[in-house]
Amino acid sequence: MTISSDPKKVTKICFDRIDIPNQKSLAVARENGAYEFLPTVLKKFDADKIINEVKTSGLRGRGGAGFPTGLKWSFVPRNTGKPTYLLCNADEGEPGTFKDRDIMRFDPHLLIEGMIMAGFALDVRDAYIYIRGEFLHEANVLNEAIKEAYEANLLGENILGSGFSMNLLVHRGAGAYVCGEETALIESLEGRAGRPRFKPPFPAVEGFYKCPTVVNNVETLATVPAILKHGGAWHAAIGIPNNTGCKIFSVSGHVNKPGNYEVPMGTTLRSLIENQCGGLQHGTVPKAIIPGGSSTPWILAEHYDVPLTYDDIMKAGSFLGSGAIIVMDETADVVALTRRLSHFYAHESCGQCTPCREGTGWVERVMNRVDGGSGCEGDLKVLKEASEHMAGRTICALAEGAAAPILSMLEHFPDEVRSRLKEKSS
Amino acid sequence: MTVLYINDEEVTVAAGTSILEACREQGAEVPYFCYHPELSVAANCRMCLVEVEGWNKPTASCCTPVAEGMKVRTQSEGLEKDREMMMEYLLIHHPLDCPVCDQGGACKLQDYAVEHGASHGRYNEVKRSVVDHDLGPFISTCMTRCIHCTRCVRFAEEIAGTSDMGVLDRGDHMRIDGIVEDCLSSELSGNLADICPVGSLLDKPSNDISRPWEVTRHKSTCTQCPQGCDITIESRGDEVIRIKPYRDGVEPWICDRGRYVYDAFRSDERILEPKVRENGALTSSNWDDAISRTVALLQGKRVGIVFSPDWSIEGLTSIRLLNDIAFEGAKVAFDLHRRDMREFSFEEGLSMTTQQIEDAEQVVVLGSDLRQRLPVLMQRLRKRINSGRPVTRIGAMNYRTNSEPTCDALIRPRDWPAVIARAMEQVTELGKLAAGMDEWMSKVKERHEAGKLLADALISDSCAMLVGEEIRSHEDAAALIYGLDLLMRACGHTEEGSDGRNLIPEGMNAQLLSAVFGDVRTSVGALFDAASNGELDALLLIGSDPLGDGLFPAQAKAAMGKVPLIQVGAISGQVSEYAEVQLPAAAYSEVEGSFINMEGRVRVADQPLKSMGSERPLWKVMMRLVQSMGGEVPAVDMGELRDQVLRFAPALKATWSGGAEELIVPSRNRGVKTLASAAKPSASLDVVSRYSLYREGAWARASDLLVEAGRLHCLDDVLVHPDTLKSAGLSEGENSIKTAAGDEAAYYVGQREDVAPGVLFVAKRGVAGDLSSESSAELAGGK
Amino acid sequence: MSAVENALPQFSEARLDEIKVLVARYPHARSALLPVLYMAQEDFSYLSMEVQQHVADTLGLHLMAVREVVTFYTMFREKPCGTYLLEVCTNAGCMLNGADDLVRHLCDKLDIKVGETTPDGMFTVTEVECAGACGGAPVVQINNAYHEKADAAHMDAFITEVRGKGGEA
């Protein structure tokens with residue numbers, strides 16, 4: 001691995017080898033350090049050591065929830081008589097997020113190695129990568145890489161003579177954003193419609209076919225090899241306390257160089273956009289920024305200098321989420337964007353819970369009228385109440401995500417909204 | 001146990017209870033739609049939100065387990081607003097149908113809208129409307145009213161086991177769909193209308209007839225099968241509108257047969273006035289005339305009485321009284337499915353309650369189409385199987401159960417001795433012995449491997465053995481049951497408290513019938529043969545229909561053609577063609593009386609409906625006959641009649657005097673030592689006669705609703721395994737079947753893999769009816 | 001076998017072997033439903049009711065279980081579509097970079113409305129949700145292949161090329 005062992009010098013972890021041509025082939029990947037440390041892990045480490053290193057590292061789930069990964073792994077009961085499953089969440093459906101795609105298509109062996117190490121720690125025999133259906137190319141790349149890994153005894157029976165055996169299979173989703181939610185993912189992997197389950201029971205105890213299950217994001221698992229090689233303390237020294245390590249931010253919208261950029265946690269939003277992303281397309285001050293994917297509340301220019309960490313973004317009134325930054329400059333039509341997002345949530349609601357099922361459809365139809373110029377004052381009250389009473393009252397957090405853009409639009413741009421209403425109010 | 005606080009009141013509940021269940025136990029009102037105590041938790045309606053101190057969001061109480069010291073609030077301003085919003089969400093697309101919707105007056109949506117909802121909704125956009133489905137004759141659909149609680153989907157999967165209702169699409173396009181061919185295939189489908197909280201799934205037969213507040217509710221007992229479910233008969237004026245499960249009954253569900261038989265109450269088949277045959281036709285008469293005609297035909301003659309078991313206990317006893325006084329020494333018969341009249345080691349009735357059967361370590365079903373025979377008990381076994389507990393099944397067909405029995409075996413009825421002997425061998429090897437077992441085994445040459453499955457189930461701490469109609473109607477039943485008794489004894493399942501011997505009875509009141517008629521009973525076949533042979537002068541048929549039901553249709557027809565017949569009953573049926581006189585007896589819904597179900601539970605019905613015509617309670621008809629034949633009437637009122645009953649069954653005293661419920665136990669005959677007969681069946685194929693839920697019993701056949709269901713669920717006349725057809729060199733279609741006596745007739749023979757090879761399964765009793773009289777037959781030739 | 005039965009869709013022997021191997025990779029056959037539906041869609045071009053019944057029979061499931069999945073997920077088609085399925089993302093990042101104009105352009109050029117197929121059966125245009133490649137907005141998937149920075153010029157060139165080759169892939 002070319003990552004520096006001096007945490008102060010680390011700027012990339014997951015994207016370390018992303019630009020190397022043909023890094024997806026096993027031979028090239030190995031030249032660049034893939035699987036080099038694996039034999040040591042399999043021979044010298046045990047479950048406790050691995051889980052402790054990951055705990056020490058401070059790694060938090062990179063899919064959006066930000067839950068401490070080591071802690072999540074420690075919840076899995078041992079010796080239940082039931083198999084434990086490791087599921088990689090590669091559904092990447094949160095609008096604005098496209099980071100996992102690059103890991104999978106450019107450095108698949110990084111993910112595979114991370115899964116083998118995680119599987120070893122959790123005593124997993126069968127692991128699956130649940131990848132969104134649209135990522136056909138990425139699924140093919142992964143399948144090819146997995147095939148090579150099996151042939152090289154890196155997967156399957158008795159990996160590298162260690163006595164540990166693990167299978168890995170890529171399972172394609174079929175177009176449902178809600179399957180990115182871990183219990184919906186499990187339902188989908190069981191061959192059903194992806195409708196989330198209520199918790200408790202938690203997947204760690206009763207997940208895939210009622211067996212202990214860990215669901216981790218691609219980026220989370222891809223960070224594991226570096227943590228085990230350099231140590232949890234090394235990772236903890238990168239970034240900011242409680243917000244350790246690096247993060248891949250997917251930046252899109254009104255920037256000149258949209259794309260995926262991995263930077264140490266704590267990098268400011270302004271610095272990321274103005275340096276890596278080539279600045280705003282129009283003007284120098286953003287109109288609004290969605291910091292963590294469309295399900296997170298918007299932040300305004302006053303927070304342009306916020307450090308990109310879980311804690312700081314929360315103080316600014318939003319969430320880091322998946323790290324998908326959607327930038328709106330002065331030319332953005334926030335009402336139209338909100339209308340489009342309300343369509344997204346109505347389309348993607350699984351339909352189980354009353355407020356989300358009926359509320360997202362209601363909100364979409366009202367937004368269509370408001371954006372189209374036939375809205376009235378009463379509609380604004382409806383949008384607010386319908387959204388507020390979806391959020392927090394459902395089985396999963398999709399409703400919260402649906403409420404976020406509506407409430408942000410109403411809170412931060414009331415005048416712009418009102419300017420679109422009809423003259424007469426009802 | 002966990003202690004928590006609900007609205008500041010301390011409450012103690014079992015650990016793991018949900019907050020909603022704790023609230024219900026304590027009496028705190030929490031609204032809900034999707035929760036149902038018999039179904040898995042779905043938590044999708046979000047109506048049951050409550051506040052928990054320290055938690056920053058309201059939580060769904062149905063899926064949140066209680067925790068020690070938890071403080072729950074079920075009322076607050078926030079919750080009020082939440083509930084108001086939930087109602088507003090639900091009423092966005094729900095049509096304003098109340099004036100034309102049957103659920104009105106018994107609708108959760110209405111009730112909560114009034115209690116929790118705002119006075120008007122603010123939705124001004126396009127409203128959703130949904131295409132309806134045809135789910136068959138029992139359930140009507142109005143899917144636009146659906147609020148997606150998924151109770152019906154969970155019912156179809158967990159209770160009915162058919163999984164034919166599901167959820168399609170997502171978001172607010174989501175809709176419930178049913179995949180059916182002509183009709184819902186479950187025998188429990190009527191319950192869907194009960195559990196749907198809105199008017200989306202409604203009871204079709206009673207649709208649009210009355211409002212819930214117009215009906216009178218009569219607590220009653222269903223007598224269609226030995227389960228004897230507690231039912232509520234809803235009537236408006238004198239008309240029965242609907243039958244539903246009784247709210248606090250033992251079982252939460254009833255089957256479609258007990259539910260939809262009610263239209264038989266007012267069918268043209270009802271005997272509502274005395275009739276006598278004049279010039280070849282039955283014509284209206286009056287009681288005096290009819291009684292005097294009856295007396296002329298019966299008094300001083302040799303009479304054979306055949307009756308059905310589903311009269312009340314009081315009514316049944318009155319038959320005995322009539323027999324003793326007017327026809328001293330005469331024999332009676334009442335079991336249309338029993339050929340072997342020798343004493344059984346354990347007579348009809350269950351030793352366990354249905355709950356104990358559900359909870360037993362092992363359950364083994366021997367020779368029964370349990371789903372059709374006892375659908376509500378089968379539902380308990382389905383629950384068992386779904387939760388991963390074992391059920392073994394051995395019989396002549398892999399009857400549809402809408403579940404997957406853990407293990408099963410197909411055998412022919414003639415193989416039962418070999419099965420039992422093999423089981424005996426197996427348990428002996430494991431050191432389980434009972435005196436007499438060696439002798440029993442020695443009389444049987446063959447061994448059948450299915451016996452190993454039986455033995456495996458018997459080696460357990462508790463085993464519920466359900467002995468079904470295939471064994472009970474066997475010609476050598478007494479020997480088989482003795483053999484099973486030995487097996488149960490050897491394995492420790494005959495002691496009090498762990499007695500697992502459950503012989504499924506013919507109908508209701510089995511335990512009492514043994515007590516009351518034990519010494520005067522004979523087999524139905526023998527009684528009819530006696531009539532045909534000139535040993536009887538007349539037949540008195542009380543409620544029974546041996547032409548349409550049972551295993552003696554040929555004998556019945558022959559007998560009825562030979563001697564005059566008096567018909568006492570509620571339903572005319574085919575038998576009426578032979579009746580000289582018809583005397584109307586009141587239906588089970590129209591009498592005050594007691595009934596004993598297969599578990600031995602006694603139910604006293606005291607809210608009868610009014611009679612529809614001149615029919616009288618059976619016991620009054622019997623006493624009138626006693627009087628008219630010059631005898632001394634032993635009972636003039638219910639009190640005296642019950643004293644008579646107590647002569648035969650003293651255990652009932654406790655129940656009638658309001659004491660604690662005591663279960664009446666089935667008879668045991670310890671002295672039985674019947675060994676397997678060496679006789680071989682006279683033809684190569686065993687005949688097994690099908691029990692059809694929708695067509696069995698005169699009541700069912702008099703109900704248009706059940707006749708329609710029977711038509712939709714019917715099978716070919718006769719079914720055999722493909723190998724059986726092949727070895728006879730025949731193919732599916734019209735084929736000729738020859739009985740042991742040499743009679744030949746043509747039937748439509750279909751093939752199915754789930755019928756045991758070597759078995760002729762008579763599926764369509766009405767058409768293949770006469771074959772039911774046979775125990776073996778041959779496939780004689782093709783078209 | 002009657003003529004009607006012969007006309008019903010059937011997986012080939014090779015495909016059935018493939019399914020058998022796949023089913024063994026999961027704890028229960030039901031898990032293989034999504035991948036098998038993809039196979040069926042590949043083999044039979046869309047999932048008619050007969051195809052759905054065949055999939056149900058192949059995996060030992062009730063037809064309802066298959067229908068629940070087919071109707072829930074957007075990538076399973078119950079009706080045929082054009083040879084080239086043009087799925088334009090119009091969600092956040094793409095919307096902010098001209099996706100709506102692109103959709104209008106495609107519809108005008110092909111003379112169809114969103115969701116429709118051209119009369120020659122070549123092209124279907126639909127709008128889809130975030131494709132997960134926002135850095136390359138606007139994104140168009142053509143038969144599941146990602147075309148990033150797929151502006152009007154790019155799409156015109158593609159359509160011309162395909163039509164020029166007489167409609168071959």
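Contact here means heavy atoms within 4.5 Å. The model shown in these views is predicted.

**View 1. Chain C meets chain A.** Across this interface, 38 residues of chain C are in contact with 58 residues of chain A. About 3,700 Å² is buried between chain C and chain A, and carbon and sulfur atoms give 56% of that area. Two salt bridges are counted between chain C and chain A. Helix H3 (33–44), helix H5 (63–72) and helix H6 (92–95) of chain C are the elements that give two or more residues to the side of chain C that touches chain A. H3(C) gives the largest share of that side, four residues. Polar contacts join 23 residue pairs across the interface of chain C and chain A, with both residues at pLDDT 80 or more.

**View 2. A salt bridge between Arg101(A) and Glu148(C).** Side chains of opposite charge can pair when their charged atoms come close. Here Arg101(A) pairs with Glu148(C) in a salt bridge. The closest N and O atoms of Arg101(A) and Glu148(C) are 2.9 Å apart.

**View 3. Chain C meets chain B.** Nine residues of chain C are in contact with 13 residues of chain B. Together, chain C and chain B bury about 900 Å². Carbon and sulfur atoms hold 63% of that buried area. How many salt bridges cross the interface of chain C and chain B? The rule finds zero. Polar contacts are counted for three residue pairs between chain C and chain B, both residues at pLDDT 80 or more.

View 4. Arg393(A) forms a salt bridge with Asp82(B), and their closest N and O atoms are 2.4 Å apart. The pair crosses between chains. Arg393(A) lies in the loop between helix H15 (377–388) and helix H16 (398–412) of chain A. Asp82(B) lies in helix H2 (residues 77–91) of chain B. Are Arg393(A) and Asp82(B) buried or exposed? Both are buried. A search of the whole structure finds 100 salt bridges over all chains.

**View 5. Strand E3 of chain A, covered on both faces.** Strand E3 (residues 167–172) of chain A is mostly covered, with six of its six residues buried. In a regular strand the side chains alternate between the two faces of the sheet. Asn167(A), Leu169(A) and His171(A) point one way from E3(A). Leu168(A), Val170(A) and Arg172(A) point the other way. Strand E2 (residues 124–131) of chain A runs parallel to E3(A), and six bridges join the two. Ile131(A) stands opposite Arg172(A) in E3(A).

**View 6. An open sheet in chain B.** Three strands make up this open sheet, in the order E10-E11-E12 (chain B), with antiparallel pairing. Which strands stand at the edges? They are E10 (216–221) and E12 (239–245) of chain B. Each has a single partner strand, so one side of each is left without a neighbour in the sheet. On average, neighbouring strands of this sheet are turned by 30 degrees against each other, direction ignored. E10(B) and strand E11 (residues 230–236) of chain B run antiparallel and are joined by six bridges. His218(B) has Ile233(B) in E11(B) as its bridge partner.

**View 7. Glu251(B) and Arg380(B) link distant parts of chain B.** The side chains of this pair meet in a salt bridge, at 3.1 Å from N to O. Glu251(B) sits in the loop between E12 and helix H6 (256–260) of chain B. Arg380(B) sits in helix H11 (residues 375–386) of chain B, 129 residues apart from its partner. Glu251(B) and Arg380(B) are buried.

View 8. Arg472(B) forms a salt bridge with Glu506(B), with the closest N and O atoms 3.0 Å apart. Arg472(B) belongs to helix H15 (residues 469–472) of chain B. Glu506(B) belongs to the loop between strand E21 (501–503) and helix H17 (510–517) of chain B. The two are 34 residues apart, and both are buried. A network of salt bridges links Arg472(B) and Glu506(B) with Asp335(B), Arg338(B), Glu347(B), Glu348(B) and Arg521(B).

View 9. Asp485(B) is found in helix H16 (residues 477–490) of chain B. Why does Asp485(B) count as buried? Its relative accessible area is 6%, and buried means under 20%. Leaving aside neighbours within four places in sequence, Asp485(B) is in contact with Ser345(B), Phe346(B), Thr494(B) and Arg501(B).

Note on methods. Residues numbered from 1 in each chain as written. Chains lettered and ligands numbered in written order. Predicted model: local features only at pLDDT ≥ 70, side-chain atom pairs only at ≥ 80, totals over all residues. Heavy atoms only, no water. Pairing = 2+ DSSP bridges. Axes fitted to C-alpha atoms, helices over the stretch in contact; angles between N-to-C directions. Buried < 20%, exposed > 50% of the residue type's maximum accessible area, 1.4 Å probe, protein only. Buried area = accessible area lost by both parts, 1.4 Å probe. Salt bridge = Lys/Arg side-chain N within 4 Å of Asp/Glu carboxyl O. Polar contact = N/O pair within 3.5 Å; in protein donor to acceptor, adjacent residues only side chain to side chain.
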